[in-house]
Amino acid sequence: MKSTLLAVAIAAAVLSAAAVSAAPPPASPAIAAAVADSHRPSKDTEQDAVRRPADLVAFSKVKAGETVMDVWPGGGYWSRLFSPIVGAKGHVYAYVPSEIAEFKSDPVALAKAISSEPTYSNVKAISDPLAQQPPPDMFNKFDVVWTFENYHDLHDSFMKGASVDGFNQAIFKLLKPGGYYVIVDHAAAKGQGLKNTEDLHRIDPATVKAEVEKAGFVLDDESSLLASQADDHSLKVFDPAVKGKTDRFMLRFRKPAK
């Protein structure tokens, strides 16, 4: 009896470990080269210690020749990393929801500036309403859609009530069968759902899973690489006590092949 219980316990532990991987696959030489690229500005490289770019890009599964969408690209940190990895035959679309186009930071201009840098000429800035559905000729165009620490913002008041469900449905149409939708964000306390998206800039990962799976995606993998037990989820993510050290989740969803 004891041996049977021990076997069950070991099997359960193995399944649990598989459900949330502690680390993504090793970074390829192409990823390592992109991270080490001397053309990356210092404002990007200074964030590497807290963003772990090699590990996160490996988790995204972006490869040479692919078409990638970087949702809400900000200053272009991830777009600049994806650009050399997809290479001359690939494309990176820096997508700015039109609902935030008039922010003081001028996010559309920031996205366009990336594409004007000669090293990143395969990056293209685009801006459309969040929930706008793509035309049929754009269906199945993208290999990977990526968003980093911004999914929670899609629920906030400055998005003017734009449908997040509509956005996820649009992403589903844009991705190729078998393509990936990758979301990295700040975790809210378990069971909080959407309660802290605006005040603390956090979201419950269970809510993200439910919303994305509702659009037809399946959860392909998740990682605890950026998890932090020291973060009790009570502070705004910009608070100096937790800034850069928040408990973050990594989710990779897949559009079914059929």
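## Basis of the description

Helices (H or I, at least four residues) and strands (E, at least two) are DSSP runs, numbered from the N terminus. The model is predicted, so that local features need pLDDT of at least 70 and side-chain atom pairs count only at pLDDT 80 or more, while totals for chains, interfaces and linings use all residues. Residues are numbered from 1 along each chain as its sequence is written, and side-chain values use heavy atoms, with hydrogens and water left out.

## Helix 9 and P205

P205 lies in helix 9, which spans residues 205-214. Setting aside neighbours within four places in sequence, P205 is in contact (heavy atoms within 4.5 Å) with A187, A188, F249 and L251. Between P205 and L194, 11 residues apart in sequence, the C-alpha to C-alpha distance is 9.8 Å.

## The sheet and its helices

Seven strands make up an open sheet of mixed pairing, in the order 3-2-1-4-5-7-6, where two strands pair if DSSP finds at least two bridges between them. Strand 3 (123-128) and strand 6 (218-223) are the edge strands, each pairing on one side only. On average, neighbouring strands of this sheet are turned by 20° against each other, direction ignored; axes are lines fitted to C-alpha atoms, for helices over the stretch in contact, and angles run from 0 to 180 degrees between N-to-C directions.

Strand 4 (residues 142-148) pairs with strand 5 (residues 175-186) in the parallel sense over six bridges, and the bridge partner of F148 in strand 5 is V184. Helix 7 packs on the sheet, where it touches strand 2 (91-97) and strand 3, and its direction makes about 160° with that of strand 3. Helix 8 (residues 164-174) also packs on the sheet, touching strand 1, strand 2, strand 4 and strand 5, with its direction at about 140° to that of strand 5.

## Aromatic pairs

Rings of Phe, Tyr and Trp (its six-membered ring) pair if their centres lie within 6.5 Å, with planes under 30 degrees apart counted as stacked, over 60 as edge-to-face and the rest as tilted; the count by this rule comes to 11 aromatic pairs. W78 and F148 form a tilted pair, 5.0 Å centre to centre with 55° between the planes. This pair links distant parts of the chain, since W78 belongs to helix 6 and F148 to strand 4, 70 residues apart.
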